[in-house]
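Visitor: I would like to learn how to read helix packing and aromatic pairs in a model. Please start with the handedness of a crossing.

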Amino acid sequence: ATATATTAAAAGAPAVAEVPSVAATLLVRYRKGRNCFSWGTLVPVLLDCCGAIDGGARTLLVKRQPTRAVLDAVAGSTRCVLYFDSFMSCDVQEVVNEVKQFTEAYDRLVEPKPRLVLCAGGAHPSACSAHTLQLGFHIAVRGEGEAVIRDVTMKVTRGEVWDTIPGITFLSADTHTVRQTALPPLVKLDDYVSFSEKPALHPPIELMRGCPYGCTYCQTARLHGGKVRYRSVESVERIVQHYVERFPHPVDIRFVTPNSLAYCSVDGRRPNLEALRALVATVKKYPVNMYLGSFPSEVRPEFVTPETVEILKESATKVVAVGGQSGSDAVLRRMNRQHAVADIEAACEKLLAGGLIPQVDFILGTPNETEDEMWATLQLVNHLVERGCQIRMHYFMPLPGTPWGTSTPAPLTQRVASEAGRLLRNPLVEGPLAHQVEVSGALTAGLRPDHRDVEDLPPVASAT
């Protein structure tokens with residue numbers, strides 16, 4: 001069988017080309033710059049599942065026009081289409097619009113047609129799983145998805161019930177009660193490759209998951225736990241080898257980690273200098289530009305020591321991302337940052353002395369933050385800019401699932417807003433402050449933790 005233009009036309013969509021039919025199509029909603037890193041270890045799992053699905057299956061990235069992608073998949077599938085999305089709370093409105101459009105188009109198609117099942121994971125579905133079902137998804141995955149996404153794929157494509165899959169929230173078929181299953185064990189990063197060829201996906205290498213600090217505004221520890229887990233240097237090397245074979249030299253090697261200088265730390269609170277040196281030495285054996293401590297990673301200020309600066313200098317990094325967050329010690333305590341303003345200043349001085357440029361993040365408008373506390377942050381920004389540092393300024397956004405998830409941001413006073421605007425005209429200072437104020441207002445007004453009753457189901461073993 002082949003897919004024809006008639007299916008899409010019946011739904012009022014543009015005509016689509018003929019494609020060979022398979023039993024199932026797995027669609028992955030890919031948003032560059034937003035959820036692109038999330039799919040690194042998940043797409044390879046889906047590709048592995050495709051080989052085990054009777055009748056054949058394919059995995060496709062959906063980078064644009066999700067409605068057309070869904071209709072194409074429906075036309076080219078005989079059994080089911082599985083649509084996967086991963087998103088943050090600030091993406092909810094876009095997700096709502098997309099899901100509404102393609103589900104209405106799907107509903108207009110005449111029978112027989114393959115089943116369409118929507119599954120979402122990531123920061124927002126993990127914190128607001130019942131709300132995610134209200135957006136139109138059938139399954140919300142909470143926490144880490146590598147093992148869960150395999151179970152979801154195999155059970156859905158086999159037409160089996162999914163109420164025994166660990167780590168999901170769903171509506172019961174009989175009573176429409178929101179039910180959720182117990183979370184599965186946390187994954188071992190070495191068990192999962194983080195790239196794929198078809199579709200082509202080669203993200204930065206995820207070095208670690210988890211965080212022992214638990215800052216009040218941050219979801220990292222809530223998504224991945226307080227115990228830090230690491231990808232071994234041997235696993236990192238295998239990925240580097242693949243990238244070197246795949247791309248022209250020199251290859252840029254970047255990492256995803258909440259604190260680059262904590263790699264293989266015993267407790268996540270002190271640098272492991274031996275492990276850091278081994279990581280740099282291993283990666284630098286290859287024709288690559290290795291970036292340690294730069295975006296999409298960062299470093300905590302108290303981890304910057306003369307020894308770690310020398311290690312950073314061994315990489316290609318010139319600009320080091322530093323999580324400063326506030327110029328007020330009182331705000332840092334409320335954030336549970338567990339470092340002081342003096343640590344931020346000291347880190348910057350050490351990096352500058354080593355010939356590196358600190359790029360420091362700061363947040364304005366945290367709950368109950370006073371004008372004087374915000375002004376202290378702006379004064380620190382002034383000082384650091386004079387020293388040659390780069391600054392990224394942010395406005396506080398209440399993220400669901402965090403201790404501050406239901407808190408109201410402190411408004412910027414005219415004095416603070418005027419000074420922030422002046423600083424943002426400096427080429428060393430950047431940040432979509434006005435846009436984040438708008439997004440933060442939308443989060444405060446419309447996104448709160450789920451109030452709908454959720455029925456917890458007893459733990460079950462994961463099985464495919």
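Guide: A crossing is left-handed if the near helix is turned anticlockwise from the far one by less than a right angle, and right-handed if clockwise. Helices (H or I, at least four residues) and strands (E, at least two) are DSSP runs, numbered from the N terminus. Here α9 and α10 cross in the right-handed sense. This is a predicted model, where local features need pLDDT of at least 70 and side-chain atom pairs 80 or more, while totals for chains, interfaces and linings use all residues. Residues are numbered from 1 along each chain as its sequence is written, and side-chain values use heavy atoms, without hydrogens and water.

Visitor: At what angle do α9 and α10 pack?

Guide: Axes are lines fitted to C-alpha atoms, for helices over the stretch in contact, and angles run from 0 to 180 degrees between N-to-C directions. For α9 (residues 233-246) and α10 (residues 273-283) the angle is about 20°, with the axes 10 Å apart.

Visitor: Which residues of α9 and α10 meet?

Guide: With contact meaning heavy atoms within 4.5 Å, Val-233, Val-236, Glu-237 and Val-240 of α9 meet Ala-278, Leu-279, Thr-282 and Val-283 of α10.

Visitor: How is a pair of aromatic rings described?

Guide: By the distance of the centres and the angle of the planes. Rings of Phe, Tyr and Trp (its six-membered ring) pair if their centres lie within 6.5 Å; planes under 30 degrees apart count as stacked, over 60 as edge-to-face and the rest as tilted. This rule gives 6 aromatic pairs. One of them is Tyr-83 with Phe-102, with centres 4.6 Å apart and planes at 50°, so this pair is tilted.
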